[in-house]
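Please look over the sequence and the structure shown here.

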Amino acid sequence: MNINTTKIISLLFFIFSVFYLYTAYQIQVFAFDENAPFNARTFPIYLGYAGLFFSGLKLILPDPDTIKVEHKTLEYKKTGILILIAIIYGATILKVGYFLTTSLFLFASYYFLGERRWILMFFLSFPFVAAFMFLLHGVLDIYLRDPFLKLIGVMG
Amino acid sequence: MIEGILIGLTTALTFKNIFMVMIGCFFGTIIGMLPGLGPMTAIALMIPITYGFDPATGLILMAGVYYGAVFGGSTSSILLNAPGVPGTVATSFDGYPMAQQGKAGKALAIAAWSSFAGGTLSAIYLLFLAPSLSKVSLSFRSPDYFALMILGLTAIAAFSSKGQFLKAMMMVVLGLMLASVGQDSLSDITRFTFNNMNLTDGISFILVVMATFAMSEALTIILKRNDPTAAAKQVSLTELGSIRINKEERGKMYKTIPRSSVIGFLIGVLPGAGATIASFLAYGMERNLVKDEEKEKFGKGSINGLSAPETANNAACSGSFVPMLTLGIPGSGTTAVMLGALLGFGIQPGPRLYMTNPEIFWSVIMSMYIGMVILLILNLPLIPYIARILAVPKNYLIPLILFFSITGIYVMSFNNFDIYLMIGIAVVATFLRLYDFPMPPLILAFVLGGLMEENLRRSLLLSNGSWEFLWDRTLTVCILATTILIVLWHIYKTLKKNKS
């Protein structure tokens, strides 16, 4: 059997299906539902077996269309930084507020992607977010929590 | 019926109602364009306003918002590969590649004309077939729905990409697994939440779409380190925003539109099916019907591949009004919101709606056609301006896609967990994309997961746990036979390819 990344992904999916199936069997159902033709765990159990079946087939059968990815050419650094910025954005948005975190997220993302036109970067972050926020909060009446703007007295 | 049509025309053609359709279309287009804010959000926002009007005007306004948002969703699918509406996911398969090839204006024009034609044809079908169509949809039972969903998932897996059937089926299972997270709809028992309260309501559809399409697309662009000319191409395509469709392209659309409108309308009529299944099925069917030469272009910017889902999703929008108005069963999530609004007006939709409130039933049907005309007049001249979104260089476009995705999720739930979950799914999806695991089957499976379980539950309970329900009814057998044929045909094609 030829081992390639697709096979490894299939193996991971197989293991995931085993875990899913195990968890499906652990779902607590009501006592009167235990022997019913269908209860809360029936469908997940079928799904678990389906996952085992398809990933098992993919593992066993030959793979003529092997996908080869040149990892050396991939931009892991920038992608990783972008994901990290998004995680920090997610972690701070509720505490700091929508306006400041979103503006900083955009500004930092432009910077790490190689942009250096500072004025454009500024306009496409702070005023852009302010305008978008006005559309959501002011026009569409969608509530946006913002402790920072509340602190400086912009938002009530 | 003639009397009803005249009542409908009289109501729909009043200045106030035409104005409402225009406002609805315009508002809907803007909201629909923002990824994450689909027609459900737009209509939900409109409900308090509609209570100030009479029921017919209120429903006409919401119908306008619905069509506008679906078209707006197509726009963001084509320009940003960020479908804000489930029904326009299939639009991005060929719309986005066209935009990347510098044909953003053309793709938007094809979407606009296809939407218009699909909506117009389905409004005509609706006009003449509504009374009898409700009987057809009534004849569908749970086993038929279950079989239909199996067919839809198998078809999308078989047609998603060449030689990737098993990968696509793995994605189908993964989509269904993701859909099973949260409370069981009948017993309220929580499943796969691992005591995390944020997962009790399940994973939001928009979150999964944003993660697997918009966000993972943005990450893939960065990860794959696009060649230096890509940025130049990106800029030049915005300068080539031609919306002209040539004779050859029109010829392709003439063939695609009628058949896609029929499938879209029929799927839309089925309660619970709606625009998403219609667009996926129309896409799959079209790929199956075109010549081999055109088939190769699917997923790379095919005219047929763009026109088919666009026609079907608009046709399905009209079709989904049939079960809602005649049976009181919403055909889609959006019509479910509208059903809630109707109940708020004190109107109980059902077979008696014809008799008790004919002005509502027929004026909505007539306003659908008027809405289509307005949408075309409104959107076609605006296409060059809409296409300007792509003038943003990639260094700005990618953070903006991430921003729209995260904002879309944030305004829906206001919690950090959903953002982390979205990032997690996006990272996994990016990795899977590298190895050609297709995402569309995952999305369709995720949408159908709940419905599929519900129909399997009903079927198994009615047959006392026996699987005989699969061959008890002729309709179920026919649908399942079609599914088996698709699988056999796919195996035959794969074996033939391997031999050659």
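A residue is called buried if 20 or more other C-beta atoms lie within 10 Å of its own, exposed if 12 or fewer do, and partly exposed in between, with C-beta atoms placed from the backbone. This is a predicted model, in which local features need pLDDT of at least 70 and side-chain atom pairs count only at pLDDT 80 or more, while totals for chains, interfaces and linings use all residues. Residues are numbered from 1 along each chain as its sequence is written, and chains are lettered from A and ligands numbered from 1 in the order in which they are written. Helices (H or I, at least four residues) and strands (E, at least two) are DSSP runs, numbered from the N terminus.

**Chain A**

- Chain A holds seven helices and zero strands, so that from the N terminus on its elements read α-α-α-α-α-α-α.
- The radius of gyration of chain A is 25 Å, well over the 15 Å that the globule rule gives for 156 residues, so chain A is more spread out than a compact globule.
- That radius is taken over C-alpha atoms, and the globule rule is 2.2 Å times the number of residues to the power 0.38.
- Along the principal axes, the C-alpha atoms of chain A fill a box of roughly 60 × 55 × 25 Å.
- Of the 156 residues in chain A, 28% are buried.
- Two residues are in contact if their C-beta atoms, placed from the backbone, lie within 7 Å.
- Of the contacts in chain A between residues at least 6 apart in sequence, 64% join residues at least 24 apart.

**Domains of chain A**

- Chain A is divided into domain 1, residues 5-60, and domain 2, residues 73-151; such bounds come from an automatic or database domain assignment.
- The centres of domain 1 and domain 2 of chain A, taken over C-alpha atoms, are separated by 39 Å.
- A:Pro62 sits in the loop between α2 (42-60) and α3 (76-96) of chain A.
- A:Pro62 counts as exposed because it has 8 C-beta neighbours inside 10 Å.
- Between A:Pro62 and A:Lys7 there are 55 residues in sequence and 9.8 Å in space, C-alpha to C-alpha.

**Chain B as a whole**

- Chain B has 24 helices and two strands.
- Of the 500 residues in chain B, 60% are buried.
- Among the contacts in chain B with a separation of 6 or more, 79% are between residues 24 or more positions apart.

**Where the chains touch**

- The contact between the chains takes 54 residues from chain A and 46 residues from chain B.
- On the side of chain B that touches chain A, α8 (165-179), α9 (205-223), α20 (394-413), α21 (416-434) and α22 (440-462) each supply at least two residues.
- The largest share of that side, nine residues, comes from α20(B).
- The residues on that side of chain B divide into 30 nonpolar, eight polar and eight charged.
- Here Ala, Val, Leu, Ile, Met, Phe, Trp, Tyr, Cys and Pro count as nonpolar, Asp, Glu, Lys and Arg as charged, and the others, Gly among them, as polar.

- The expected span of a helix is 1.5 Å times one less than its number of residues.
- α22(B), with 23 residues, reaches 32 Å from its first C-alpha to its last, close to the 33 Å expected.
- A kink of about 45° in α22(B) is centred on B:Leu448; the bend at a residue is the angle between axes fitted to the seven residues ending there and the seven starting there.
- α22(B) is mostly covered, with 18 of its 23 residues buried.
- B:Asn464 lies in the loop between α22 and α23 (469-472) of chain B.
- B:Asn464 is not a glycine, yet its phi is positive, about 55°.
- Most residues other than glycine have a negative phi.
- With 9 C-beta neighbours inside 10 Å, B:Asn464 counts as exposed.

**Other places in chain B**

- Helix α24 (residues 474-499) of chain B has 26 residues and should span 38 Å at 1.5 Å a residue, which agrees with the 37 Å between its end C-alpha atoms.
- The buried residues of α24(B) are B:Thr476, B:Ile479 and B:Leu480.
- B:Thr11 is found in helix α1 (residues 2-12) of chain B, and B:Thr11 counts as buried because it has 22 C-beta neighbours inside 10 Å.
- B:Asn195 is in the loop between β2 (190-191) and α9 of chain B, and its phi is positive, near 60°.
- B:Asn195 counts as exposed, with 7 C-beta neighbours inside 10 Å.
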